[in-house]
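Take a look at the model below. Then use the briefing to find your way around it.

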Amino acid sequence: MICEVVQDALLPLQTTINKKMKYRYTLLIALMSLCLTALDSQQIQKASKTNVLLTNATVHTITNGVMEGTDVFIKDGIIADIGKSLSPSDHLHKIDCSALHIYPGFMDGGTQLGMSEVGAVSLTNDYNEIGDMIPHMKALTAVNPNAVAIPVTRVNGVTNAMVVPSGGLFPGTAAFINLHGYTPQQMASGFEGIVLNFPSSSHFGRWDRRSEEDIKKEQKKAMKKLNDIWSELALYHKIDSSAQRSGTTIKSYEPEMKALLPAYRGEMTILIHTNKDKDILSALQWIKKTGVKAILVGVSEGYRIADSIAQANVPVITGPVQSVPGRGAARYDVAYRNASILHNAGVKVALRTNDSENVRNLPFHAGFAATYGLGVEEALKTLTINLAEMLGIADRYGSIEQGKVANLFVSDGDPFEMKTRIKHLFINGWNIPIESRHTLLYNEFLERSPGLKK
Amino acid sequence: MTKSIYILLPFLLYILQLSGQDTGDILIKNGTVITITDGVLPHTDVLIRNGKITKIGQDLKENNVRIIDASDQYVMPGIIDAHSHIGIENVNEASDPNTANVNVGDAIDPFTITIYRALAGGVTTSHAMHGSANAIGGQCQTIKHRWGVTDPQEMKMSGAPRTIKFALGENPMRVHGEGRHIVPRTRMGVEQIFREAFAKARDYTAKWDKYNNNPSGALEPPQYDLKMETMADILNGEIIIHCHSYRADEILMLMNVLEDFGVDKICFQHVNEGFKVAPELAAFGARASVFADWWAYKFEVYYSTAYNATILTRNGVITSINSDSRELIRHLYHEAAKTQRYGDLTDNEALRLITLNPAIQLGIEDRVGSIEVGKEGDIAIFNKHPLSIYAVPQMTIVDGIVRFDIHDADDMRIDIDPEEKISTFIEESSDHTSGDRCLQDVYQYFSDHK
């Protein structure tokens, strides 16, 4: 691809020079092509940004049903128009999408994507800082825009992900990012949320040998700490408010309190991570008591108390869907069914993979949820508009609507089905090549050369 | 007389038990039968008698059998997982770089719920493997998912060839080199563990041969060594090697070692960089059992591709997709389908990855892995094509006995504590490498055990 471009560029030059020179240039071009071919097999092509008209597609708008034979016009990174036989004067590039489908980009509600390069190499992991009360640790700081897993993820139609710090009680501030950009700031979507690991009464993993008493003690201690922090915040809020009234600010350096203050005031969402039924109920009580703006995350036992969550009117980001039940006695498919049980009870549901390198499986997690009770239409919403609404960014993300950010993909079929291919991908209107390390290695090694003998 | 009956009774009961592996009789009617070896047969019946498939055809009639209506459903061979650690209590005997003397068959746990969950994903046979802490790990055990039996012996697939776990790369290097400051700390060291063990086994065999061929009895018998016996059995071709491996260089290394010692029964496990040396694997006749898409969880799998299974298959390597995980084992049909997203395998090629191919890798292809007359009655029934994301396993049959049925799924589990006096909930750690049991039981050897 790159070689062709170079040859084209040099052609005019060739016509102006004599035959001898032409021979030399041809040789040079041949050599350059060789080098570039080698380079080509190891690098992902750059994305490009032009105004694009996608024509004659089946458009799955999510919010306005399915529109057949419809065009979508992307201009300046925005979905500028949707309709039949559009003919905008200013499009540079046209893609025939006959027999193809357009979906809004899929969005993962909880990952470590870009914060971890190689799982077992601890110095490449940036999601778990030391400390129990460190809400000022910002995920956006540690997202590597060039993480190899990012292209691997987006070629499956995933355009956005929440990147989430983990660890203690308040491990940091999560950020919702676009999966394209050369700096974290270019990737930022505008949403950030405080992460709270709600005090847990669970065993963590099968090798957690703590006694019931120890677990209860630790939970009680963590709960006291959380409540103490909130009392301190009440005071901090008062001081800050009075300082603001008198036109000054708090001088002392308290980054933790400063980070939590917007959440205390209900101006910033808290992502409350909790899984066990009883802990979820405690979290709901705490949300009611404090009046914070909250989303519950994880909620693997939501199926046991779905009505309580619905009554509290708190949205849920659940998943991974493909996971084992937390109890030996639980039905084998409770994790597959959790999203549908929550939805049927009236809870607004989004999904997360809680993964780093295999966030690409997000559509398949949703496919399992669809299969086990949720249905395809609702499952599509969990990856798009539901999450956008929870995060308060539905004016820009989560559906194919005029004026929204052009995060979308073109597929040759149902994106949950395994045989389906993603043909085109746009993030902020950038036309992203359907390439990743995985496709490049495939291209290089399917028919290795030299083969067995050199 | 009565006395002698009492004396004989325990023996009689024992003999009964030996001969009495439970088998069933089932007639599956009118399904879409995916045979694997003979195409897809619409509206076809499959008859299982005494645990064996005896007839495949249309409008079969049979008395005294349970009849299962599979109209509008897909009937495929029971799924086989060539790499798991379920149904065993211990995974790693990590105390030495060579533990060929131990056998996970001695640590079978028929009660673990994971077996039932695997059945609920259509999996009827799995390869319970020793872990990857040692270059030469313990012997493994092929088990059938006879959920409900209580005798560990009944979980074993009797007559299945013996297998042993080998391991290359980071795991043995971390456990022994970094953790215990003994060889191997590098991939060079790993190679020499194999060369030393095989060379010593040759000497050992030679000593015994010399002793056995000397009828005069002038020689003293050599010391019996179970580790050496096992290594000698590998050299004799009686044990199939299943080798945990990732990088292309170490895969080539082991093939060179095996060539030097005349060993050819080898299935590489994980083999994430198998795609780089697919022609060499095919030429050697080595098999490959891979993940559908796991990568980047450690450095030696950083340069991976989810197209691995496709590249290996297209290069003529007999390939399977495995789980190595109590989560993935529940949807291997979905893992196999990933080869149609990452590559272009046909339906039959994709399903072979979880049926006939793993059977070949375990040396049990004459008994399971396809729906053929004479094979064992291991069947998985799905409501939609098993490679579709919308497929739900309906029923799983082992030796003609229904071991999972979606309609009574709620009744096959016991809540050990319905009143919740204690917490029975276990939260999965967000560190998803915790699902990988290849290094279970070895954490005490790590100073930094991320």
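The notes below go topic by topic.

This is a predicted model: local features need pLDDT of at least 70, side-chain atom pairs count only at pLDDT 80 or more, and totals for chains, interfaces and linings use all residues. Residues are numbered from 1 along each chain as its sequence is written, while chains are lettered from A and ligands numbered from 1 in the order in which they are written. Helices (H or I, at least four residues) and strands (E, at least two) are DSSP runs, numbered from the N terminus.

**Chain B overall**

- Chain B has 12 helices and 17 strands.
- Of its 450 residues, 53% count as buried. A residue is buried if 20 or more other C-beta atoms lie within 10 Å of its own, exposed if 12 or fewer, and partly exposed in between; C-beta atoms are placed from the backbone.
- Take the contacts in chain B between residues at least 6 apart in sequence: 71% of them join residues at least 24 apart. Two residues are in contact if their C-beta atoms, placed from the backbone, lie within 7 Å.

**Helix α5 of chain B**

- Helix α5(B) covers residues 187–212, which is 26 residues. At 1.5 Å a residue it should span 38 Å, and its end C-alpha atoms are 38 Å apart, so the two agree. The expected span is 1.5 Å times one less than the number of residues.
- Its buried residues are Val190(B), Ile193(B), Phe194(B), Ala197(B), Phe198(B), Ala201(B) and Tyr204(B).
- An α-helix has 3.6 residues a turn, so residues three or four places apart point the same way.
- The cover over these buried residues includes β8 (136–144), α4 (170–180), α6 (226–235) and α7 (248–260) of chain B.
- α5(B) packs on α6(B) at an angle of about 95°, with the axes 8 Å apart. From α5(B), the contact uses Ala197(B), Phe198(B), Lys200(B), Ala201(B), Arg202(B), Tyr204(B) and Thr205(B). From α6(B) come Met228(B), Met231(B), Ala232(B) and Leu235(B).
- Axes are lines fitted to C-alpha atoms, for helices over the stretch in contact, and angles run from 0 to 180 degrees between N-to-C directions.
- α5(B) and α6(B) are therefore roughly perpendicular. Angles under 35 degrees count as roughly parallel, over 145 as roughly antiparallel, 65 to 115 as roughly perpendicular and the rest as oblique.

**A helix pair in chain A**

- Helices α6(A) (residues 212–245) and α7(A) (residues 255–264) have axes that come within 10 Å and cross at roughly 90°. These two are therefore roughly perpendicular to each other.
- Glu232(A), Leu233(A), Tyr236(A), His237(A) and Asp240(A) of α6(A) meet Met257(A), Leu260(A), Leu261(A) and Tyr264(A) of α7(A).

**Strand β2 of chain A**

- Strand β2(A) (residues 52–60) is mostly covered, with seven of its nine residues buried.
- Two strands pair if DSSP finds at least two bridges between them.
- Six bridges link β2(A) to the antiparallel strand β3(A) (residues 66–75). Val59(A) has Met67(A) as its bridge partner.
- The two strands form a hairpin with five residues between them, and Ile62(A) in the turn has a positive phi of about 80°.
- β2(A) also runs parallel to β5(A) (residues 93–96), joined by four bridges. There, Leu54(A) stands opposite Ile95(A).
- Two bridges pair β2(A) with β6(A) (residues 101–104), again in the parallel sense. Thr58(A) is bridged to His101(A).

**An open sheet in chain A**

- Eight strands of chain A form an open sheet of mixed pairing, in the order β7-β8-β9-β10-β12-β13-β14-β15.
- β7(A) (106–111) and β15(A) (349–351) stand at the edges, each with a single partner strand, so one side of each has no neighbour in the sheet.
- On average, neighbouring strands are turned by 25° against each other, direction ignored.
- β7(A) runs parallel to β8(A) (residues 158–163) over four bridges. Asp108(A) is the bridge partner of Ala161(A).
- Helix α11(A) lies across β7, β8 and β15 of chain A, at about 140° to β15(A).

**Core and interface**

- The largest nonpolar core has 244 residues, and Val163(A), Leu296(A) and Ala369(A) have the most contacts inside it. Such a core is a set of buried Ala, Val, Leu, Ile, Met, Phe, Trp, Tyr and Cys residues joined through C-beta atoms within 7 Å.
- Helix α11(A) (residues 362–374) supplies the largest share of this core, eight residues.
- 46 residues of chain A are in contact with 55 residues of chain B. α14(A) gives the most to chain A's side, with four residues.
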